[in-house]
Amino acid sequence: MIIDRLENIEKYVSLNPLFAQAFEFLKSHDLKVLEPGKTELKGKDLLVNVTEAKPKTKEQARLETHRDFIDIQIPLSDTEVMGYTPAADCRPADAPYSEEKDITFFEGPADSYIDVKPGMFAIFFPQDGHAPAITPNGVKKIIIKVKA
């Protein structure tokens, strides 16, 4: 997991061959005016999803992991609390891995929580259990899905 400010995002370009194209998209668009929806930047390997998450408490947020994709999450409208637990320490839920959605959900609260404010980003790798979108008012955000 990486948490940092958007002005530093280029420092992480070497972590994945598709990060350069993702970061170029972020630099070349006014993120606050993007409409909700999905945009394919490189087929199914690199997707930008602008979404408006509904309000959620820590108790409602479920830890999740992805096998095939890295998430770059960027809150736009408000501070978003994100939970974190290493995937190896997550407690399995009754729901199995969904290959179609590339997601596994887990039981219980996250080990730790951090505020991610507008102007910041979080990167979650397949080994990172994360509970996103914890916010009292909901949050407009960008989720970039990058093939791991």
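Gly37 has Val50 in β3 as its bridge partner. That pairing belongs to a predicted model, where local features need pLDDT of at least 70, side-chain atom pairs count only at pLDDT 80 or more, and totals for chains, interfaces and linings use all residues. Residues are numbered from 1 along each chain as its sequence is written, and side-chain values use heavy atoms, with hydrogens and water left out.

Strands here are DSSP runs of E with at least two residues, numbered from the N terminus, and two of them pair if DSSP finds at least two bridges between them. β2 and β3 run antiparallel, with 4 bridges. Their hairpin has 5 residues between the strands, and Gly43 takes a positive phi near 55° there. β3 also pairs with β12, again in the antiparallel sense, over 8 bridges; Glu52 stands opposite Lys140 in β12.

A pocket is an open set of points on a 1 Å grid over the protein atoms alone, where a 1.4 Å probe fits, with protein on both sides within 12 Å along at least five of seven lines; lining residues have an atom within 4 Å of a point. The lining of the largest pocket counts 29 residues, with Asn49, His66, Ile103, Ile143 and Lys145 nearest the centre. β3 (46–53) is among the elements giving two or more residues to this lining, and β3 gives the most, 4 residues.
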